Amino acid sequence: MRRSKNPKVIMVMGPPGSGKGTQAELLAEKFGFFQWETSSIVGGVIERAKKGDFVKIEGKKYFFEEQQKIRQKGLLWDGIFIFYFTKKKIEELAEEGKGIVMSGSPRTVAEGKALILLLKKLYGAKNIVMVVLKLTPKETLWRNSHRRECELATHSILYTKETEKLTRCPLDGSKLICRKDDNPEVIKTRLKRYQEETSPVFETFRKQGIRVKEINGEQSVVDVFSDILKAL
Ligand SMILES: [Zn+2]
């Protein structure tokens, strides 16, 4: 993997529908940083494992087959199990001199505390930035209830000024339809979880000497991106 010029860790946070994934993608592209995806990092390890393989963490055995089943049932992996592979991958990236862009991670203070110590040790506090995309609850609910996806590949299309008149997927041209799982109750639950569990992470990071920058998320994708670049 190519080394990054000035390896940093950028963490993009925001409520569902804030477009944090899109911004993370743009940042990773611009700086040549690694785009972090917890589920594909842990999932990749599990998929490559052979029958009967396990990993022993803090005295407990985790069999990959069982973890695969947990995933298939849509249940959550144990935090200790996730962190074990997170740590391995981050150490590998730091060793290669590669920057990292994360979106929506860490989700809780507990996850954040372990992660920040590791990142500070490997990258240094001054090279870590947390970017928080601010969206009013009203805007969050509006955007999520208007989110669409394409018929062919379920590409998610965020509701913004640029996309409101789209009728076809920009990537494959298939028709755009409303997302089935985006009913108001599901969205409210996700927003509540963000406010109660994820928001306190910002203060935890501030206390650890990390720059936490708030960005107006109710702008177009390109304007949000340009504000993020200024904040870095
Ligand atoms: Zn598509």
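## The loop between β3 and β4

In this predicted model, E58 sits in the loop that links β3 (54-57) with β4 (60-63). Its backbone is worth a look: the phi of E58 is near 50 degrees, a positive value in a residue other than glycine. As a bit of background, most residues other than glycine have a negative phi. E58 has a relative accessibility of 71%, and because exposed means over 50%, E58 counts as exposed.

Next, let's turn to a sheet. Three strands form an open sheet in the order β8-β7-β9, with antiparallel pairing. The edges are taken by β8 (156-157) and β9 (176-178); each has a single partner strand, so one side of each has no neighbour in the sheet. Strands of a sheet pair through backbone hydrogen bonds.

Strand β7 (residues 148-150) is joined to β8 by two bridges, and the two run antiparallel. Across this pairing, R148 stands opposite I157 in β8. The loop between β7 and β8 holds T154, which has a positive phi of about 50 degrees although it is not a glycine. How exposed is T154? With a relative accessible area of 49%, T154 is partly exposed.

## A cis peptide bond and a buried threonine

Between β5 (100-103) and α5 there is a loop that contains P106. The peptide bond leading from S105 to P106 is cis, with omega near 0 degrees. For comparison, most peptide bonds are trans.

P106 is also one of the residues touched by T198; M13, R107 and R193 are the others listed, leaving out residues up to four places away in sequence. T198 itself is found in helix α7 (residues 184-198). Is T198 buried or exposed? Its relative accessibility is 8%, and since buried means under 20%, T198 counts as buried.

## Where α5 meets α8

Finally, here is a pair of helices. Two packed helices are described by the angle between their axes and the distance between the axes. For helix α5 (residues 109-123) and helix α8 (residues 200-207), the axes come within 9 Å and cross at roughly 25 degrees. Angles under 35 degrees count as roughly parallel, so α5 is roughly parallel to α8. The crossing of α5 past α8 is right-handed.

Which residues of α5 and α8 meet? From α5 come V109, G112, K113 and I116, and from α8 come P200, V201, T204 and F205. Sorted by class, this contact of α5 with α8 has five nonpolar, two polar and one charged residues.

Definitions and conventions
Residues are numbered from 1 along each chain as its sequence is written. This is a predicted model: local features need pLDDT of at least 70, side-chain atom pairs count only at pLDDT 80 or more; totals for chains, interfaces and linings use all residues. Side-chain values use heavy atoms; hydrogens and water are left out. Axes are lines fitted to C-alpha atoms, for helices over the stretch in contact, and angles run from 0 to 180 degrees between N-to-C directions. Helices (H or I, at least four residues) and strands (E, at least two) are DSSP runs, numbered from the N terminus. Angles under 35 degrees count as roughly parallel, over 145 as roughly antiparallel, 65 to 115 as roughly perpendicular and the rest as oblique. A crossing is left-handed if the near helix is turned anticlockwise from the far one by less than a right angle, and right-handed if clockwise. Contact means heavy atoms within 4.5 Å. Ala, Val, Leu, Ile, Met, Phe, Trp, Tyr, Cys and Pro count as nonpolar, Asp, Glu, Lys and Arg as charged, and the others, Gly among them, as polar. Two strands pair if DSSP finds at least two bridges between them. Buried means under 20% relative accessible area, exposed over 50%, partly exposed in between (1.4 Å probe, protein chains only).
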